[in-house]
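I am opening my notebook to look up a few things in this entry. The sequence and the model come first.

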Protein chains: 2
Amino acid sequence: MENNHTGLLYEFLIQLGVENNNEHLQYVIEISVFVTLICACIVLGHLLEETRWINESITALILGCCTGFVVLITTGWTSSHILEFNEELFFIYLLPPIIFNAGFQVKKKQFFQNFAAIMLYGIVGVFISFAIISAGCAFMFPKLNIGNLEMRDYLALGTIFSATDSVCTLQVLNQNDTPLLYSLVFGEGVVNDATSIVLFRAVQKFDITSMSSMTAVHILGDFLYLFFTSTVLGVSTGLLSAYIIKTLYFGRHSTDREIAIMALMAYLSYMIAELFYLSGILTVFFCGIVMSHYTWHNVTERSRVTTRHAFATMSFIAETFIFLYVGMDTLDANKWKTADTSASFCAFGVIMLLVFIGRAAFVFPLSALSNYARRTPGTKINARKQFIIWWAGLIRGAVSIALAFNQFTISGKTMNAENATVISSTIMMVLFSTVVFGIMTKPLIALILPHNLSYASENSETSSPKVEDLDTDIQNPFLANGEHEDGSVVVYGLLRRSSLSMLLHAPTSTIHKLWRYFDNSYMRPVFGGRGFVPCVPGSPSRGDVDGPLENPFIA
Amino acid sequence: MENNHTGLLYEFLIQLGVENNNEHLQYVIEISVFVTLICACIVLGHLLEETRWINESITALILGCCTGFVVLITTGWTSSHILEFNEELFFIYLLPPIIFNAGFQVKKKQFFQNFAAIMLYGIVGVFISFAIISAGCAFMFPKLNIGNLEMRDYLALGTIFSATDSVCTLQVLNQNDTPLLYSLVFGEGVVNDATSIVLFRAVQKFDITSMSSMTAVHILGDFLYLFFTSTVLGVSTGLLSAYIIKTLYFGRHSTDREIAIMALMAYLSYMIAELFYLSGILTVFFCGIVMSHYTWHNVTERSRVTTRHAFATMSFIAETFIFLYVGMDTLDANKWKTADTSASFCAFGVIMLLVFIGRAAFVFPLSALSNYARRTPGTKINARKQFIIWWAGLIRGAVSIALAFNQFTISGKTMNAENATVISSTIMMVLFSTVVFGIMTKPLIALILPHNLSYASENSETSSPKVEDLDTDIQNPFLANGEHEDGSVVVYGLLRRSSLSMLLHAPTSTIHKLWRYFDNSYMRPVFGGRGFVPCVPGSPSRGDVDGPLENPFIA
């Protein structure tokens, strides 16, 4: 993590009588500045939240820009960052907590009820968007004299700009008021992140010389293999953690150890996936889902509260850090000198247009397809909602930046004008979409769904929607994670009556019920979970192996 | 963090069809192995806890040794570690959470009531022990042909072996049953860590050529300056965090942001102290104390539970990591080849003897001094307790290792035989004292204080003593942190009657009452704290500025 851009800060420290004899000090300065800035973001973001237009992400971006400007002046217009962008930092430390937390906090009932639609948007959608953006760039870039990139670079651009950033948008959507919209946008965001990264790796690996009609099939095969193995790994790790805590710690709970095991095993699942070149993101996301479904119910009440909030806090800090960095990077003089400024603006325009088209090309057709399968009128995705889904996915964020740096730079530096142009336009795209679209989203939703915003703003008086919602979860653990209190006896009866006819009429709902039956009969007795762990810690009788179907809340 | 010792692991991965084309993979392997080992330690430690002889520290050490042995075999007897020892890793990432948590979880009433005794042991004691060990080493090493070190090295050895490791011992002492003993050993451990590091820095800075009678005075002056400035910095940061949360977040609480601010500001205090060459340890310790006294009471109930457990978990993971590393380092072939084995054993024997003598030389006289000031017979430190205090401080741990690596190696490697000898004997000392003394402590306490162990083992059935205790704190917030419900009206009345005569008769107790008066009248109205923050979040009326003395529990 070496850098040499903090010249004036150094001189300032020398004047204070502090020696500058080692790298250690550099490192300490970097960390101190970043920690101070994150603190400032949290405080400023909180103060500005009252205006209802700005959130922490935008604050972090703007604060990052300002800091970059200060650093730029103090270093004599040579560099704007304090910390070199480090892919390792991003993929090993910042991304895992964000994605794990997404899986851990997702409302599972909503997520799985809309599973088909989410997968359509998140997988098929990314493929469509990827094709349009790649083809569009390959067609437009040479025509507009932006530069001649390789085929592989165009394909990479397609994946880079297919990765949406839903974090920023979700801060204005309310999970209680618009559950369908929220779960669709949130679910898509997560699956989309994973798909983009998996697709990006497939593109990087794929051999340009042997391109044939089989290439697309090959990439798809790779993708499916990665998707499947990564999911299995994540689910297994989650189940293992549930089993360990249920078997070992039962009756002799130790809050700190339980929390440590959950956090470490989640992280381990990500690292093992990375080790075998799978998608750590998918792995840790599914690990989060499994942990919140089984493991979370096996631990003490204190562990539950702590994990909910500690994981959310880590994710929040990581996000703020990323936005700060992006803000700081905007003014990086080296990139602007190497890049052709007019070409950058041109590329930015082209990409923005392609992102608009690429997203429209899958949101509206796939929504129609999804509506076709939805029988009940209330659950259909109407035109207004489709527009919001389209809009909410236009923002590009940290994943795009990280992928762009990976493809077009060598450890954060680039000497090639064309690559520098692509990096500059990526940063412009992220900055513009986050700030402008981010600020516009709330008024826009108010315009399109007038009832919802008034509700959302009432809620935002006390706390942000996301946090508010988790709080309800904890206050009422038996309704947590969006499941009913109906028990499984009913399900069992229904299944015996006419499972085949039901499967034909309402496939999703029947699959959900089949799953609940399987979960209650086989999974929960082994791995614990809500209703299968006695409430009193230390109770000697467990009795969760026999008769869980009779009354799960007594067992 | 480069290393080249995982040859066979690499070949294994190549056989699995995984490429080994970059440093990234190395890094991923290192992290995966360490995270897996920490998980194994937690699970094994929990299983072995039932035997009541072994704890997580010892498990981590032994597991580290075993892993080191495996690595040693796979790499063809060249190296035993997966990760190079990195001072930065230790001082920037692992130490701050451990020390902060110590300050955050300390029972403040006990700590401040025994403040004088703790400071005597922790500061005067370290100076005495430092003088004896330095002089002893300087006298014995040349006589036993262990090697001729410089004067500075002998002084460094004195500080290195004056740093006790109380973590391991505290796992067998019970805070509820032997509060006096616990607070003395725990308090001494923390102050001792800080003093040793400060003294070590003073020794490193000090100029050997201009040694005169003023040297000791100079070191003492340096020490006092560092102690004072570091404490002020820690207290200020803690108060700032309390003020920010009390002023900004009041009525619009956001659990995740509150937690983030507390964690980040604590870390920032450490980094700023390091930036200005102060003692980050002292700073973050006092920051922890202030945060648990003021900030912790200003946040939501959920933030309180989360911070208590999240900080404890981080500290626990960091400790386990350090013990794992020490275990792995034991078998490092490079050091054993460079070092003279018989000299190492000789040095180990000498150092052990000097540690025994050095500790006895201050524990017994200073206890007698402390007893002289204690009027009530029940609070006196009797001979049995003195013996346990002496014994509990014999274990050497991570701080000793870190300081030894800092003084005697260049980024973890040494080519000099004498330095390698010192490193080897340090590792032997840490390993031997942790494992042997660690295992002996519980039976020893049972022998000397028979009643206490029976009580402690009853408690350890359900959870470790430390955690159990925190739990009581949370269940009953108004009795938390060892304070009474008597209110301050009484204190105020007593003070008016005869403060001077009281000051003469019971100095500590009077200072404590004066502090309570000051705290209630001036500090809590500004910075919040127990009883000064309304229980209902979002309540518009605060009324904590006027009349806090009448009834603090209504305000």
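In which helix is V33(B) found? I looked it up: V33(B) sits in helix α2 of chain B, residues 23–49. Helices (H or I, at least four residues) and strands (E, at least two) are DSSP runs, numbered from the N terminus.

I noted the ground rules. This is a predicted model, where local features need pLDDT of at least 70, side-chain atom pairs count only at pLDDT 80 or more, and totals for chains, interfaces and linings use all residues. Residues are numbered from 1 along each chain as its sequence is written, and chains are lettered from A and ligands numbered from 1 in the order in which they are written.

From V33(B) to M328(B) I read 12 Å, C-alpha to C-alpha, across 295 residues of sequence.

For chain A I wrote down 22 helices and 0 strands. Of its 555 residues, 50% are buried.

Then I compared the chains. Chain B can be laid on chain A with an RMSD of 0.0 Å by a turn of 180 degrees and a shift of 0.0 Å along the axis (least squares on the C-alpha atoms of residues with pLDDT of at least 70 in both). That is the relation of a two-fold axis. In chain B, the C-alpha of T306(B) is nearest the axis, 2.1 Å from it.

Technical notes
A residue is buried if 20 or more other C-beta atoms lie within 10 Å of its own, exposed if 12 or fewer, and partly exposed in between; C-beta atoms are placed from the backbone.
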